[in-house]
Amino acid sequence: PPEPPPEPPPEPPPPTVPAARARAAAHTRSTRPPLVGPAAASWDALRPEAYNYLGKILNARVYEIVRETPLQKAEILSAEMGNTILLKREDVHSVHSFKIRGAYNKISQLPGDQLRRGVVACSAGNHAQGVALSAVSLGIDATIVMPTGTPSIKVAAVSKLLARGTPGSRVVLHGANYDEAQAEAKRLVAQGVA
């Protein structure tokens with residue numbers, strides 16, 4: 001009888017943080033011959049690897065309040081596509097969204113005087129939760145303007161987060177749509193709320 005075909009090699013595990021950091025460091029080293037003349041400096045500034053994106057991501061302050069989320073193989077989709085499809089499980093954060101990453105990263109980098117004034121944001125959902133959790137974690141005031149038609153479950157989630165924070169934090173329901181809520185947020189900023 002013919003021999004059965006060999007089994008495919010096992011899939012490698014997802015990279016660990018140290019391994020990913022090592023890859024990021026290696027990625028920043030260019031193997032391209034250096035340019036000479038006046039174009040060299042400007043070209044180097046435009047190279048994506050010059051920004052070390054992966055290194056910046058892995059070393060972002062956001063890991064002060066969120067954990068690294070897992071990759072999960074999408075078994076059925078992988079089989080249908082004939083390839084390995086991995087899903088990044090950002091839904092496992094306490095606010096059930098990746099939006100916490102951007103909100104915290106931005107707010108945590110504000111200068112001290114701006115942080116002390118607090119923040120004003122406009123959102124109808126997940127970004128609002130990210131801003132609220134960031135403000136609570138940093139101990140600052142947050143005013144979050146949401147359109148009046150925002151689902152009550154979203155308003156309640158943001159209000160519950162803000163209740164754990166400073167007494168000056170609040171949700172403001174304003175406007176029939178996002179544009180009207182955003183205009184109110186801008187008015188509050190101009191008025192000196194943050």
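**Salt bridges across the predicted model.** This is a predicted model. Six salt bridges turn up in a search of the whole structure. The views below pick out some of them, then turn to the nonpolar cores.

**Close-up of the E64 and R61 pair.** A salt bridge joins the side chains of E64 and R61, at 2.9 Å from N to O. E64 is partly exposed, with a relative accessible area of 47%. R61 is also partly exposed, at 36%.

**Close-up of the network of K88, E90 and R101.** Salt bridges link K88, E90 and R101 in a network. Between K88 and E90, the closest N and O atoms are 3.9 Å apart. K88 is partly exposed, with a relative accessible area of 42%. E90 is buried, at 11%. The side chains of E90 and R101 meet at 2.7 Å, N to O. E90 sits in the loop between β2 (86-88) and α5, and R101 in helix α5, so this pair ties together parts that are eleven residues apart in sequence. Both E90 and R101 are buried.

**Close-up of the largest nonpolar core.** This core has 24 residues. V131, I144 and V158 have the most contacts inside it. Two or more residues each come from α5 (99-108), β3 (119-122), α7 (126-138), β4 (142-146) and α8 (152-163). Helix α7 gives the most, with five residues.

**Close-up of I144 and its contacts.** Leaving aside residues up to four places away in sequence, I144 touches A121, A128, V131, A132, V158, L162, R170, V171 and V172.

Technical notes
Residues are numbered from 1 along each chain as its sequence is written. This is a predicted model: local features need pLDDT of at least 70, side-chain atom pairs count only at pLDDT 80 or more; totals for chains, interfaces and linings use all residues. Side-chain values use heavy atoms; hydrogens and water are left out. A nonpolar core is a set of buried Ala, Val, Leu, Ile, Met, Phe, Trp, Tyr and Cys residues joined through side-chain atoms within 4.5 Å. Buried means under 20% relative accessible area, exposed over 50%, partly exposed in between (1.4 Å probe, protein chains only). Helices (H or I, at least four residues) and strands (E, at least two) are DSSP runs, numbered from the N terminus. Contact means heavy atoms within 4.5 Å. A salt bridge is a side-chain nitrogen of Lys or Arg within 4 Å of a carboxyl oxygen of Asp or Glu.
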